Amino acid sequence: MTCSITGLSVELILWIIDLIPPAAHLNFACTCKHIAACSSNVLQRHRKAYKQYRAASDLDPATIPTLLRSTVGLDDPIPAWHVRSLEVWRDRTSWDEWKTYSFLTPIHDDPESNNLLRKLQDDEVVDCLDTLGHKLNGIEYETARTQAESGHDGILKTLLLAHCPRIENLKFITQMHDEGSCLRWLTTIISNCISSTSESFPGIVWPSGLASLRDVAIGVPSDTWMDNRSRDPSWDIFVRLLRLPNITSIYYKNLCGDWDDEYEYVKDIPPRCSSVEHLFLDNCDGENMPWNLREALYRAPRSLLTASFRSGDARLEDVDQLGSGFPEEQHSLKSLMFYDFGRDRWHTIHGYRCAAYQPDQIYHCCPLAQVSINVQDIASFGFYMEKYVEDGESDEEAYVRHAAEYLPGDMECLILWGETGSGLAGDKPNETKLIERAIIKLIEDGNYPSLKAVYLEEIEHRRPQKDARTELCFQGAIAAGNRYGVDVHTLTNRNQLLHEISFPEAPDKYALETGPDWRQRPDIWVFDPYVGRRVPPDCAKCGCCESYS
């Protein structure tokens, strides 16, 4: 005698539903009307969990313990199954700090915030730590237990990250990575995963949460009191993040370290060990980046698509190595961007015998589609190459030819920054006009069949005073662009754009789903490829305002 599942009592069906993994609840509910009716409660729990925990954070002190209990089987597994993003605003270091964070008032100055009663008992902390197995050694295990029992939540957030089954996005607002912090414990767990391989178990066994992470951002600015900056070396954290098995993008703000660091980073990031496709280093302390880290970093990604750097108060030294190292080793590289260095008052970018890097360093290396380069380096390169003059060619014609020809053939977008006639080797009278002739040549000659846009606003804004602001610049380049379907961006060109170009973009306060500015950025803001962020469209490009003159 056979019995249909629909013939079972409601109580038995509800018991079966509790045994089914969360991923199968919807499919089970769709089998028939009776099962759907029995599943109404569990589907309502799914809807509630999705709304409350899809983008989770540590702002509410109850969130992390609740989700941690969900991940390790101490409570309903549905909430943890819906977590896709976690935002870490600040690490708590004692039970006195287990309060809800206010965006306006620092926690110790907030008399209206009440402490949360403990959500995890000591035996539950032990149960959670036991889920990591061999990922913590004896000393680390005892340290983690002691910290958790004394009110540190860094280890709890790390445990949640390790076991959250479908988490993809991780953002740290805090940059602190001292002992007991979530960032430090995350680094420890990753390091232990890597070092746990042996002849018997040659592959790395990753916890499910770390295996599902795709995007990690450290130091996302929030414009709240919880923004802070760590001055401690962070190279080790960065290289560990590169080893996450399915990582696709890493943003790191204020990455720094010691120049005399002699650690052999190639041991941690051997060639082609990382799945990362997009790197964005914001205010990277390139002056103190060890050579062995640079060399290892160029080779570590298997298929890097974009590498972006943005100016700050740290010095980005030996940029010519970055300009050649990434393209030479990463034949998949499509975008090499340097943001906000053209307006840098402190000259925090520098290459060997050049402002940043020479165009011939990227000429044959890879199919770069987006090229960001200091106009001084194009100008000086053209000057140095003047001696290679063809028959009947003047020095200026040779200058223009070489300045126009030594760029990647697959280039789609050229962003020029810096100042012409700056005094570098190659300083020439009317250099802005010579650069324009080079721009016209690269548009017209057909050497760049994929070219869509040339950005000249920065060098137009910073052109020397001797150029006399009595005439509009780059009118010839604009005309050439109109003829060949290339957008030429200048301060005064108001022609309708033909192409929509997407640039590597860093997360900001508007990208924080649990922050006060989520979805508050006006839709009319546009991305500025010079500063590397979205800005208000405050220029009508009439040529008469302060930004032009």
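Q: Hi! Is Arg54 buried, partly exposed or exposed?
A: Arg54 is partly exposed, at a relative accessible area of 26%. Buried means under 20% relative accessible area, exposed means over 50%, and partly exposed is in between (1.4 Å probe, protein chains only). This is a predicted model, where local features need pLDDT of at least 70, side-chain atom pairs count only at pLDDT 80 or more, and totals for chains, interfaces and linings use all residues. Residues are numbered from 1 along each chain as its sequence is written, and side-chain values use heavy atoms, with hydrogens and water left out.

Q: Thanks! Which side chain meets Arg54 in a salt bridge?
A: That is Glu513, with 2.6 Å from N to O. A salt bridge here is a side-chain nitrogen of Lys or Arg within 4 Å of a carboxyl oxygen of Asp or Glu.

Q: What does that pair tie together?
A: Glu513 sits in the loop between strand S12 (487-489) and strand S13 (526-528), and Arg54 in the loop between helix H4 (40-53) and strand S1 (55-57), so the pair ties together parts 459 residues apart in sequence. Helices (H or I, at least four residues) and strands (E, at least two) are DSSP runs, numbered from the N terminus.

Q: And how exposed is Glu513?
A: Glu513 is partly exposed, with 21% relative accessibility.

Q: How many salt bridges does the structure hold?
A: It holds 26 salt bridges.

Q: Where does Glu444 come in, and what is its partner?
A: The side chain of Glu444 meets that of Arg483 in a salt bridge, at 2.5 Å from N to O. Glu444 belongs to helix H17 (residues 431-444) and Arg483 to helix H19 (residues 475-484), 39 residues apart.

Q: Is Arg483 buried or exposed?
A: Arg483 counts as exposed, at 54% relative accessibility, while Glu444 is partly exposed at 30%.

Q: New topic: which residues form a nonpolar patch on the surface?
A: Leu12, Trp15 and Leu19 do, with about 350 Å² of accessible area together. Patches are made of residues with over 30% relative accessible area and no salt bridge, joining like charges within 9 Å and nonpolar side chains (Val, Leu, Ile, Met, Phe, Trp, Tyr) within 5 Å. Accessible areas come from the Shrake-Rupley method with a 1.4 Å probe, and for residues only the protein chains shown count as cover.

Q: Where does Leu12 lie?
A: Leu12 lies in helix H1 (residues 10-19), and is partly exposed at 40% relative accessibility.
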